[in-house]
Amino acid sequence: MWRIIDHLTDVQVILNGSHPCKDLTGYQAQALNWMDQGVMPNTKWNQYGTCEHHEYILINFGRHLMDPDMGLDLSMFDNIQLRLTNTATSSYYGSDFTISSLAYFKEEGGGFPLGYIKSEQFKSWSAAQNTWEYTDLPTEGKLRRLVLRLEPDLGATYNEFETSMDNMGRDIKITFDSGATVVYEGGIDDLMREINLIKGRDL
């Protein structure tokens, strides 16, 4: 069994050739879709090798689709590129992938006064047992959201996790002012329950 999303390692929007506006994996893009829209994108996949597979990913430049105040003003850039990296080999599919894009344009009401939202992976590391991993967040710009993705190893059959997410993030602590102000302290299981209470739906 395989899915297209498992092999989308890069979903990027590059401005003026070098400035990443979006720099995510397919999994990360899906997670942001759920957080922004409240639903996962429609997808089609199954375990029969001869059937079609479809993957849909929404790339928001605002807080949600059709955000009137935030978006990407195309006239502000000389060059904009959409880059996708697919690592699936011919052992997974028998013909070339077909990729299509659907763009939503703002026709009236001027530009986007609040600018656009940049989304990128800030850091990635392999977890070690009973070890704290310290990360200094950037002190410039405005941080809208910090997303933690815990990805357990997959088993040999490619469809079961070797452990649970909360085993990989037993203790999480976010502080300001060199530790003087504690913003969050708890496990990933506590955080998941809080998200469920706030968003009103399961992860």
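Helices (H or I, at least four residues) and strands (E, at least two) are DSSP runs numbered from the N terminus. The model is predicted: local features need pLDDT of at least 70 and side-chain atom pairs count only at pLDDT 80 or more, whereas totals for chains, interfaces and linings use all residues. Residues are numbered from 1 along each chain as its sequence is written, and side-chain values use heavy atoms, with hydrogens and water left out.

The chain contains three helices and six strands, in the order β-β-α-β-β-α-β-β-α along the sequence. Of its 203 residues, 23% count as buried. Contacts are defined by heavy atoms within 4.5 Å; among those with a separation of 6 or more, residues 24 or more positions apart account for 57%.

Strand β1 is largely enclosed by the rest of the structure, because six of its eight residues are buried. Strands are taken as paired if DSSP finds at least two bridges between them. By this criterion β1 pairs with β3 in the antiparallel sense over seven bridges, and five bridges join β1 to β2, also in an antiparallel arrangement. Leucine 15 stands opposite isoleucine 80 in β3 and opposite histidine 19 in β2. The hairpin of β1 and β2 has three residues between the strands, and asparagine 16 in this hairpin takes a positive phi near 55°.

Leucine 15 also belongs to the largest nonpolar core, whose five residues are Val13, Leu15, Cys21, Leu72 and Phe77. Such a core is a set of buried Ala, Val, Leu, Ile, Met, Phe, Trp, Tyr and Cys residues joined through side-chain atoms within 4.5 Å. Beyond its neighbours within four places in sequence, phenylalanine 77 is in contact with Leu15, Asn16, Leu72 and Tyr116.

Helix α1 comprises residues 26–37. Residues up to four places away aside, glutamine 30 touches Ile5, Met40, Thr43 and Glu55. Glycine 38, which follows α1, has a positive phi near 85°.

Asparagine 60, in the loop between α1 and β3 (80–86), is buried because its relative accessible area is 7%. The side chains of asparagine 60 and glutamine 37 are joined by a polar contact of 3.0 Å. A polar contact is a pair of N or O atoms within 3.5 Å; within protein, one must be able to donate a hydrogen and the other to accept it, and residues adjacent in sequence count only if both atoms are side-chain atoms. Neighbours within four places aside, asparagine 60 is in contact with Lys22, Asp36, Gln37 and Leu65.

Arginine 149 is located in the loop between β4 and α2 (165–168) and counts as partly exposed at 40% relative accessibility. Residues up to four places away aside, arginine 149 touches Tyr27 and Gln28. The C-alpha atoms of arginine 149 and glutamine 28 are separated by 7.9 Å, although the two residues are 121 residues apart along the chain.

Conventions
Buried < 20%, exposed > 50% of the residue type's maximum accessible area, 1.4 Å probe, protein only.
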